[in-house]
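Hello,

Here is the structure for you to look through. My notes follow below it.

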Amino acid sequence: MTAISPETADAAAILDRVEASLKNDLVPVEIFNDEAVFRAEIEQIFTKCWVFVAHESEIPKAGDFVQRRIGLDPVIVTRDGKGGINVLSNYCRHRGTQVCQTDAGNSRFFKCPYHGWTYSNNGDLVGTPHMHDAYGERLDPKAWGLIRAPRVATRQGFVFASLDPDGPSLDEYLGGAGWMLDLIVGLAPGGMRVAGPPERYRLHADWKTAAENFTGDGYHVDTLHWSTEEVAVSQGLQMTCEIARIYEFENGHAFAGHAWTKAVHPGYVLWGYAPEITQHFNLSGLDEAQLHVVNHEPPTVGTIFPNLSFIRLNTPSVPGGPMSVITSFRQWQPIGPGEIELWNWQFVWDFMSEDEARDSYVNGQFTFGSAGIFEQDDTVAWEGAPRAAQSPWMRKAGMEFHFQQGNNSQVDQSHDPSWTGPGRKRNTGYGEHAQLHFYRHWLNVMRGNTGAGTEGAE
Ligand code: FES
Ligand SMILES: [Fe+2]
């Protein structure tokens, strides 16, 4: 348990209401666009949880850097001369100016544009203009270096930072989500790499709505994305919930898979990757449950709490066109109440030829790029929640969103007793268990419970 900040104290009444609502599988509207809730999220979630900042393939060489965000803070993720990865706050120690003003590049130094204090790419202060006249002697490079994220760790090349010096290690924090990440991107030596820099676009949406959708909202697919079936980009969307598998893990992470071998044909293993691709895969490191998952019920979407999500689909880039399996990781960057910037990375296998990588990238952009045929549907739908949350009428009416889908359904939504993997698994996409799992964890963290294994009661 950590101390409750003033921001959370302001949001406390709302959190009490969230707790009461969640007991009935409801979520009050105001959490999607509220200044106090937003400030508390930045304070309680983004300064405490492990947050994704970059993939190692974005900074392969000494001197490479990318500028990223942790919550509202700009950070520079660098590869220093010793090969180490640093996550540095992008605020000059002199007056706070952003010392790095570009998205990405290669440099040994960052020189502040205001008065010229200069930092090494490991964060140390290495010089100031007019050192002798201004300061008499050299300033201590460590004492006046850029403030560093206290903890940085990687899993499968994914670099995460935590602004909390204490708490679970990255592997403990990821738990089952790390197990899932291993089978998503670790199937071949060299793993996956980014196909390019992230595409970024602003949405009038709340980061939670997007993260929640990617935990496993199969229910929207045959309505919101029906146009993709009409133009023959998709097939069988009405089966989405029926063939879905929901995987819930500690710390609010959740994934949804699909039983493609049942729905398509028995040979449709490994997401439907073509043999030219699967010949590079080495499944020998997978445990029995992972092998079953990759072959028969592989994850299609997922969210690593708080704001990193994933999607993998076999899709054409034009109706009837050649299929390619796309992999996108996306981050829902909070900008302000009801406002996010969506960062979208297409990933390709490191072994892929230029043509294979291009096909995957193009198909990925066609479906889940900023102008993607699926992406445009989702991002418009998500704008409703913050609009409702801003409405004095809806607040006065006590509007709550309905997450009770599972309560009276005849579909068996119980945990699969034969599941031997981490967390728990359900063999249907009906019910809104993954979303409730996400919001229950959100409430826990907002109240200062960030230890590994915290999980809301069902
Ligand atoms: S603000 Fe950076 S050198 Fe003054
Ligand atoms: Fe969608």
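The donor residues of the iron ion (ligand 2) follow the sequence spacing H-x4-H-x152-D. This is a predicted model, where local features need pLDDT of at least 70, side-chain atom pairs count only at pLDDT 80 or more, and totals for chains, interfaces and linings use all residues. Residues are numbered from 1 along each chain as written, chains are lettered from A and ligands numbered from 1 in written order, and side-chain values use heavy atoms, without hydrogens and water.

The iron ion (ligand 2) is held by His220 (NE2), His225 (NE2), Asp378 (OD) and Asp378 (OD), at 2.1 to 2.6 Å. Donors here are N, O and S atoms within 2.8 Å of the metal (3.2 Å for Na, K and Ca); water is not among the atoms, so sites may look incomplete. Angles among the four donor atoms run from 54 to 152°, and the site is irregular. Histidine 220 and histidine 225 are both buried (under 20% relative accessible area, 1.4 Å probe, protein chains only).

Now the strands (DSSP runs of E, at least two residues, numbered from the N terminus). Six of the seven residues of S4 (residues 73-79) are buried. S4 pairs (at least two DSSP bridges) with S5 (residues 85-89), antiparallel, over five bridges. Valine 75 faces serine 89 in S5. Five residues separate S4 and S5 in their hairpin, where glycine 83 has a positive phi near 90°.

S3 (residues 64-70) also runs antiparallel to S4, with six bridges. Phenylalanine 65 has threonine 78 as its bridge partner in S4. Two residues lie between S3 and S4 in their hairpin, and glycine 71 in the turn has a positive phi of about 60°.

Best wishes

Technical notes
Buried means under 20% relative accessible area, exposed over 50%, partly exposed in between (1.4 Å probe, protein chains only). Helices (H or I, at least four residues) and strands (E, at least two) are DSSP runs, numbered from the N terminus. Four donors count as tetrahedral if all angles lie between 85 and 135 degrees; four count as square planar and six as octahedral if opposite donors are over 155 degrees apart and all others between 65 and 115; anything else is irregular.
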